[in-house]
Amino acid sequence: MGVYAMVNALARLKDAAVLVVGDMVADVYLDGTISRISREAPVLVLEQRTERVVAGGAANVANNAATLGGRSYAAGVCGTDAGGDALCSVLGENGVDTTGFVRDAAHPTITKTRIIAGGRATVSQQIVRVDREWHTPLAAEAEEHLLAEITRLLPQVHAVVLSDYGSGTVTERVRRTVIAESRQRRIPSIVDARYDILSYGGIGYVKQNDAELAAALGRELRSAADIHAAGRELLTRLSAVGVLITRGADGMTLFLADGSATDIPVSDHSEIFDVSGAGDTCVAVMALALAVGVDPVTAARLSNTASGIAVRKRGTATVAWAELHAALTAEGDGHAHT
């Protein structure tokens, strides 16, 4: 029964419009072939083969919302640099509306550049990552511009995501404005915050992984019972509607304000290639599903299956509507034959 509910929910995602607010990141992948050892220092010299830019951070949430069939709007801050241009281009290819981007020369585009090296007889692997972020508070003018864009876009959507990677886009005013406006408009809100989750009181839904939950509450979570107690505590402290905790190989647990806790096992035990970006896929699916009135448990199960597809892809990746539909159909066939 659960699989068919998810298939029906997936069909409805194409009616969903969501706004993603947060740290827009350009993930850059530089792929090179090892040519020799440098004469200048004992380091590898790489001959660059390819360079590609993909959407990371909040931009990856927005990108997933679009590839999963929804209408996706993105609001954040990026530079007037090549990284910002590339990020807008990548998002535009999938139909993400980036008119809510504040292009500000004082805030260069957040970039995370991964150097990938390999040779004819070796497997390509990441050898270093170079991050460029701004560590100063968001300038008042940029914040005002961003708040104006959020206020303009909110009436056009059915749900809003706050994707806070700790890079400074989600200021206290941005956080409070989104929470207050979404409550007033009675649309679902969901936050995925790497740090400082306790500052999101009044948010609708929360998505955290187990390590983030442990850090937020300042204690180790050594058992399922510990996670259940912590999930309920976070739900209460934030006065949230629901808290979704992702637990790696142990799947997910959804805690709701009605007192229920639903454990959702991993949907596919195939080899995991890369967990980067899987959380973004998870929160994008939750937002889309909640936007069109799908019940939270079905929404969480749907996001669990989508995340299972994302972790089997290398690098920051999106999941397409057709991929998720195929995975659900396969699950349905499996249940039919058991």
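The axes of helix 1 (residues 2–12) and helix 9 (residues 296–310) come within 9 Å of each other and cross at roughly 85°. Helix 1 and helix 9 are therefore roughly perpendicular (65 to 115 degrees). This is a predicted model, where local features need pLDDT of at least 70, side-chain atom pairs count only at pLDDT 80 or more, and totals for chains, interfaces and linings use all residues. Residues are numbered from 1 along each chain as its sequence is written, and side-chain values use heavy atoms, with hydrogens and water left out.

**How the terms are used**
- Helices (H or I, at least four residues) and strands (E, at least two) are DSSP runs numbered from the N terminus.
- Axes are lines fitted to C-alpha atoms, for helices over the stretch in contact, and angles run from 0 to 180 degrees between N-to-C directions.

**Helix 1 against helix 9**
- Ala5, Met6, Ala9 and Leu10 of helix 1 make the contact (heavy atoms within 4.5 Å) with Thr298, Arg301, Leu302 and Thr305 of helix 9.
- The residues of this contact divide into five nonpolar, two polar and one charged; Ala, Val, Leu, Ile, Met, Phe, Trp, Tyr, Cys and Pro count as nonpolar, Asp, Glu, Lys and Arg as charged, and the others, Gly among them, as polar.

- Nine strands make up an open sheet with mixed pairing, in the order 5-4-1-8-9-10-11-12-13; two strands pair if DSSP finds at least two bridges between them.
- Strand 5 (97–103) and strand 13 are the edge strands, each pairing on one side only.
- On average, neighbouring strands of this sheet are turned by 15° against each other, direction ignored.
- Helix 9 also packs on the sheet, where it touches strand 10, strand 11, strand 12 and strand 13, and its direction makes about 160° with that of strand 12.

**Strand 10 and its partners**
- Strand 9 (residues 189–193) runs parallel to strand 10 and is joined to it by two bridges; isoleucine 190 has tyrosine 205 as its bridge partner.
- Strand 11 (residues 242–246) also runs parallel to strand 10, with five bridges between them, and glutamine 208 is partnered by isoleucine 245.

**Helix 7**
- The 15 residues of helix 7 (residues 224–238) should span 21 Å at 1.5 Å a residue, which agrees with its end C-alpha atoms being 21 Å apart; the expected span is 1.5 Å times one less than the number of residues.
- Buried residues of helix 7 include Ile227, His228, Leu234 and Leu238.
- Just after helix 7, serine 239 takes a positive phi of about 50°.

Methods. Parallel < 35°, antiparallel > 145°, perpendicular 65-115°, else oblique. Buried < 20%, exposed > 50% of the residue type's maximum accessible area, 1.4 Å probe, protein only.
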